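Please look at the sequence and the model first.

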Amino acid sequence: MHIIQSKLLALKDQSYKDFHAKLIPNIDPDTIIGVRTPKLKALAKEIYKEDYIDDFLNDLPHKYYEENNLHAAITILKYKDPVKLMEKVEAFLPFIDNWATCDTFSCKLFNKYPDFLYEHILNWLKSDQVYTVRYGIVTLMSFYLDDNFKPEMLDLIAEIKSDEYYVDMAIAWYFSIALVKQYDYAIKYFENPCIKKWTHNKSIQKAIESRRISAETKDYLRSLKIK
């Protein structure tokens with residue numbers, strides 16, 4: 001057994017495993033150890049400089065869900081050069097198999113290099129792999145709905161055609177945040193519907209849950225739901 005698997009298994013919490021397995025039903029529960037996030041992040045900080053880490057990062061695919069999450073956490077800590085970090089991100093993306101690993105793999109270093117990151121997002125959004133597409137959507141949502149926003153980015157998301165639940169949920173999440181942060185641009189996509197009904201309505205539902213949208217605007221959004 002690899003040293004990292006041993007360290008993760010030593011942190012096992014059975015009740016947390018049982019709870020967490022319900023949140024990611026698309027993966028085999030036998031691949032979930034049950035390690036709480038604070039302990040996993042603490043382990044990443046403890047070991048990311050160790051000599052055996054390169055072997056671990058290159059040994060893909062991993063067996064356990066927590067190995068994937070640890071892989072993501074270590075990658076963020078270990079690589080401070082954007083080109084090298086991107087190399088490691090792209091090597092790992094094809095092995096992400098669930099929404100939780102995907103969404104927690106947020107490399108804030110890239111916020112300093114928006115043009116460089118954007119070029120890669122454009123490719124991710126065209127991928128035939130579910131969680132690579134989702135990663136592109138979530139990254140665009142995280143880093144490009146404030147100062148780096150461009151209206152055409154909304155088109156990129158609206159044009160994604162997918163029957164995958166975890167892609168559709170990411171699209172809805174993106175548009176719900178866009179309705180909060182870039183309302184004047186985003187509202188046009190609901191006044192003139194251009195995304196499928198389920199995603200359209202889910203976007204509105206999630207936006208209405210925000211405390212940053214006024215009651216009046218929420219009422220208007222409700223009126224735009226597709227029946």
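Helix α11 crosses helix α14 in a right-handed sense; a crossing is right-handed if the near helix is turned clockwise from the far one by less than a right angle, and left-handed if anticlockwise. This is a predicted model, where local features need pLDDT of at least 70, side-chain atom pairs count only at pLDDT 80 or more, and totals for chains, interfaces and linings use all residues. Residues are numbered from 1 along each chain as its sequence is written, and side-chain values use heavy atoms, with hydrogens and water left out.

**Helices α11 and α14**

- Helix α11 covers residues 165-181 and helix α14 covers residues 197-208. Helices are DSSP runs (H or I, at least four residues), numbered from the N terminus.
- Their axes come within 8 Å and cross at roughly 45°. That makes α11 oblique to α14. Oblique covers what is left after roughly parallel (under 35 degrees), roughly antiparallel (over 145) and roughly perpendicular (65 to 115).
- Axes are lines fitted to C-alpha atoms, for helices over the stretch in contact, with angles from 0 to 180 degrees between N-to-C directions.
- On the α11 side, the contact residues are Tyr165, Asp168, Met169, Ile171, Ala172, Trp173, Phe175, Ser176 and Leu179. They meet Trp198, Thr199, Lys202, Ser203, Lys206 and Ala207 of α14. Contact means heavy atoms within 4.5 Å.
- By class, this contact has nine nonpolar, three polar and three charged residues. Ala, Val, Leu, Ile, Met, Phe, Trp, Tyr, Cys and Pro count as nonpolar, Asp, Glu, Lys and Arg as charged, and the others, Gly among them, as polar.

**Helices α3 and α5**

- The axes of α3 and α5 come within 9 Å and cross at roughly 50°. The two helices are therefore oblique to each other. Their crossing is right-handed.
- From α3, Leu40, Leu43, Ala44, Lys45 and Ile47 take part. From α5 come Glu66, Asn69, Leu70, Ala73, Ile74 and Leu77.
- The contact of α3 with α5 divides into eight nonpolar, one polar and two charged residues.
- Threonine 37 lies in α3, residues 37-47. Threonine 37 is partly exposed at 41% relative accessible area. Buried means under 20%, exposed over 50%, and partly exposed in between (1.4 Å probe, protein chains only).

- Histidine 71 sits in helix α5, residues 65-78. Histidine 71 counts as buried, at 3% relative accessibility.
- The side chains of histidine 71 and histidine 62 make a polar contact at 2.8 Å. A polar contact is a pair of N or O atoms within 3.5 Å; within protein, one must be able to donate a hydrogen and the other to accept it, and residues adjacent in sequence count only if both atoms are side-chain atoms.
- Beyond four places in sequence, histidine 71 touches Phe56, Leu57, Leu60, His62 and Phe92.
- Leucine 60 joins proline 61 through a cis peptide bond, with omega near 0°. Most peptide bonds are trans. Proline 61 is in the loop between α4 (53-58) and α5.

**Two buried loop residues**

- Phenylalanine 105 lies in the loop between α7 (99-104) and α8 (114-124). Phenylalanine 105 is buried at 1%.
- Glutamine 182, in the loop between α11 and α12 (183-186), is buried at 16%.
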